[in-house]
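Student: Hi! Could you walk me through this one?
Tutor: Happy to. Let's get it on the screen.

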Amino acid sequence: MSLSISELATALQLPFQGDGTRRIARVSSWDAADRESLVFIESNEKEALLREPFGAACVLAPKSLVPPGMNGIYSDRPKLDFARAAILVSPRPISTGMRHASAMVATGAEVDPSADLGPNVVIESRARVGKGCILHAGVVVGAGCDIGEGCTLYPRVVLYPGVTLGKRVILHAGSVIGGDGFGYVFDGKEQIKFPQVGTVVIEDDVEIGCNTTIDRGSLGVTRIGTGAKIDNLVQIAHNVEIARGVVIAAQTGISGSSVIEEYAVIGGQVGFGDHTRVQKGVVIGSKAGILPGKIVRSGDVYWGVPVRPLREYKRLNALFGRLPEMKSDIDALKASLARLWKKVDPGES
Amino acid sequence: MSLSISELATALQLPFQGDGTRRIARVSSWDAADRESLVFIESNEKEALLREPFGAACVLAPKSLVPPGMNGIYSDRPKLDFARAAILVSPRPISTGMRHASAMVATGAEVDPSADLGPNVVIESRARVGKGCILHAGVVVGAGCDIGEGCTLYPRVVLYPGVTLGKRVILHAGSVIGGDGFGYVFDGKEQIKFPQVGTVVIEDDVEIGCNTTIDRGSLGVTRIGTGAKIDNLVQIAHNVEIARGVVIAAQTGISGSSVIEEYAVIGGQVGFGDHTRVQKGVVIGSKAGILPGKIVRSGDVYWGVPVRPLREYKRLNALFGRLPEMKSDIDALKASLARLWKKVDPGES
Amino acid sequence: MSLSISELATALQLPFQGDGTRRIARVSSWDAADRESLVFIESNEKEALLREPFGAACVLAPKSLVPPGMNGIYSDRPKLDFARAAILVSPRPISTGMRHASAMVATGAEVDPSADLGPNVVIESRARVGKGCILHAGVVVGAGCDIGEGCTLYPRVVLYPGVTLGKRVILHAGSVIGGDGFGYVFDGKEQIKFPQVGTVVIEDDVEIGCNTTIDRGSLGVTRIGTGAKIDNLVQIAHNVEIARGVVIAAQTGISGSSVIEEYAVIGGQVGFGDHTRVQKGVVIGSKAGILPGKIVRSGDVYWGVPVRPLREYKRLNALFGRLPEMKSDIDALKASLARLWKKVDPGES
């Protein structure tokens, strides 16, 4: 979709300078920019602007950084406004009601006529697919699933039966939602499967990465809150609750019945024991480990295994690196003290 | 499937009180229970029982906890018996011999007439699918695979050629069994692929989680023993042996030629170097790391990177947290000793 | 494919002894060897040769280890030459131009007539599939992808639009190439998606494991260099550059814009923060963690979280294990020093 600079600036509610009629057709990096590209600049990249000639259509930057004579939209948060501009310039694809001949819709399933079903899509009985959804090749929607308006399911996504998606949910390729939770009771001879008959509810505007797995509740619900963003290869176990606006980076694993409260930010490869609780707004660094039952309290950044406040982690880690020095200090103290004892009282120590 | 309380109690070989004719149609959490639900109670949740009115059909609990007048089945291991009850009330689906029109069976493959093949299932040449199997949408069974009776393969499972499954194996969506092991020999210029021509054998009653990957042996066999339970996103490398009854939580990775002996329990995100051995019944905590070649001995719980007995790990971790105190103790000792030297012999230290 | 011993020895440019006309049909472990098997021996497995009778067709081993009268090919690097022999004996399958009836090729896509397309393969518009490629069941090739000659894509591989593969690339089942990178800008209320409109380029002779995910660049390119080998369940984020010959073991995660230089070897479950750089030839042990922005310098092996040179890591880890001793040394020093003060100057300490 192509917009003029003035149209884009108006939509962003930002002032601009230069030729407002110039067309913008894409967002680009500086390297790949062409005459229809919007680029952006953050204050610490000032030098980039000095490159001559300026090949892009327009720069999005703080006013002070835009040289006279250059097309520019002024922004004090250029990365954020560039992201907003990108959504205007390259909006999400709109479904056309395309139904590939190989797509299979079971009797009793309801697919909105506006939704797209790619090749080999399978919609099982009693499932519902909302207005404007796009289901790419090979998606499997289990019996009784309910998919809200405007969702995008990339190739090979699998929804087990009974999963609910809100509006505008994006599930990336290979993600699996609603698999059985991992629960067994040992009877002394074998592992007896604990029932995994709950469900998964994913609320509006959630995005979930490639090959991520989210298990159904054992008896209750696994819930992913509005606007949460989850990266690739993440594991979310049964009965976990992820609240609104939470961000979780790749390969993190969250064990059963844990709760991640609103707007927490979780790094990659973090591991949570079961029944943990991460309070609102907490930030947890990559590779951290949280012991079962632990409450991670608001107001801090956490790091390490087991997790500690970042300041404490840093201090401990610095001391860890000084263990050799501590050890030789101790050895020197022992020697010095022994010599002193000998001097003071040769019979004792 | 609906059973009466007395039928269920008889099947479980447990005594009951109350109305034995009352029907039970499902197992439920307390929150979601309705008049046909069986719920259970563990001793530390006694309070739940006090909620009025009791909405479920029957409670499964220690006799002492069941109030007079309530329908109850007595159990001293209520969680275990609840799991058993769930299997009776909601048994695994039974195949009907359904063969979706889009399922493809290569010439020379043998599929038992009782097995279900969902949409887009692909069975390659010389493969065999046993009695009562259910293969969901998009499952791919490679050439020469042998699938025993009563297996369930969820959507998009891939078996590379030559994989063997025992009876009642459950493979969750997206799991990949029999991919090439990761082995190369560097010739000084490039990585030459070491042959990955072995196979995978999965024994009876194994359950494997979503998007888990199990590689074929390079020259021999990768084996998953009877009744082993493996969670989501686990990686099992070539020539690994997992023995009977082992439990492995999500995102754990086991490197080549390692052996996990019977009934070991492995937490999530654990990493094993190659040629490790975990002895019978060992418990390894989440996020632990086991160095290549290491033997982890029976009779203990292990934790940490590298792995140590839990008691030792706890002591070390506590001391790690006291490093600042140790450091200041050392500094104070140095100062005090220097002062003492000065007093005793001002010329020395 | 069957070769005679003399043909194989000639192809490997190695000398042999014994019956040069004997046929070799496969490479095997010692246990599984039959009369048409090639086996190999490394110096530390000398005993194996003593087993009688020798059931294989031929052994590949250092000359000094091959007993008189046995068929043997001499090699000073038997594991490497065995890998080379395996490629000659079991070459990669050759495509036959097979096009399964259920494979779907969009108008405007170009598939070389020699390429194989398995059941349910989907090739979207403007994609190109080169000579000799083999695409197994259920592979999805997005619009505008470009797949070079001789590539093998195992079942259920997904390429998002615009991905480029070089020659002889192997992608294992379930891998997803070109998913959106994980980038958001928080506007104070919700996470705004940063544009993920770049691409992925995978160069010649790369092999990528099952269920691994490689994200497209946000604005630029994610690149996997010639001959790189990547194991299962690995996560490669947007704009990462993996150089020629790099090896990455399972479950490792590499955050955005990181660079792994030539021939680096990365263990399993390693985590890289964003904007890290690993210099040429570096070896990083499993489970290591690299902080954002960190440069890991050539010439060493690294280990730990955060990563340190192995020698330093080992020393620190040994001292960590001796913390109890250090603590009791400190306590003993305090007591001894207090007693000494008392003796020297009872009024002070």
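Student: Is R168(A) buried, partly exposed or exposed?
Tutor: R168(A) counts as partly exposed, at 37% relative accessibility. Buried means under 20% relative accessible area, exposed over 50%, and partly exposed in between, with a 1.4 Å probe and protein chains only. Before we go on: this is a predicted model, where local features need pLDDT of at least 70, side-chain atom pairs count only at pLDDT 80 or more, and totals for chains, interfaces and linings use all residues. Residues are numbered from 1 along each chain as its sequence is written, chains are lettered from A and ligands numbered from 1 in the order in which they are written, and side-chain values use heavy atoms, with hydrogens and water left out.

Student: Which side chain meets R168(A) in a salt bridge?
Tutor: That is D205(A), at 2.7 Å from N to O. A salt bridge here is a side-chain nitrogen of Lys or Arg within 4 Å of a carboxyl oxygen of Asp or Glu.

Student: What does that pair tie together?
Tutor: D205(A) lies in the loop between β23 (199-202) and β24 (207-208) of chain A, and R168(A) in the loop between β18 (164-165) and β19 (170-171), so the pair ties together parts that are 37 residues apart in sequence. D205(A) is partly exposed, with a relative accessible area of 23%.

Student: How many salt bridges are there over all chains?
Tutor: The search of the whole structure finds 51. Among them, E325(A) pairs with R322(A), with the closest N and O atoms 3.1 Å apart. There is also a network of salt bridges that links R26(A), D34(A) and E36(A).

Student: New topic: how many helices and strands does chain A have?
Tutor: Chain A has 4 helices and 40 strands. Both are DSSP runs numbered from the N terminus: helices are H or I with at least four residues, strands are E with at least two.

Student: Why is chain A called more spread out than a compact globule?
Tutor: Its radius of gyration is 28 Å, well over the 20 Å that the globule rule gives for 349 residues, so chain A is more spread out than a compact globule. The radius is taken over C-alpha atoms, and the rule is 2.2 Å times the number of residues to the power 0.38. Along the principal axes, the C-alpha atoms of chain A fill a box of roughly 95 × 70 × 30 Å.

Student: And how much of chain A counts as buried?
Tutor: Of its 349 residues, 59% do.
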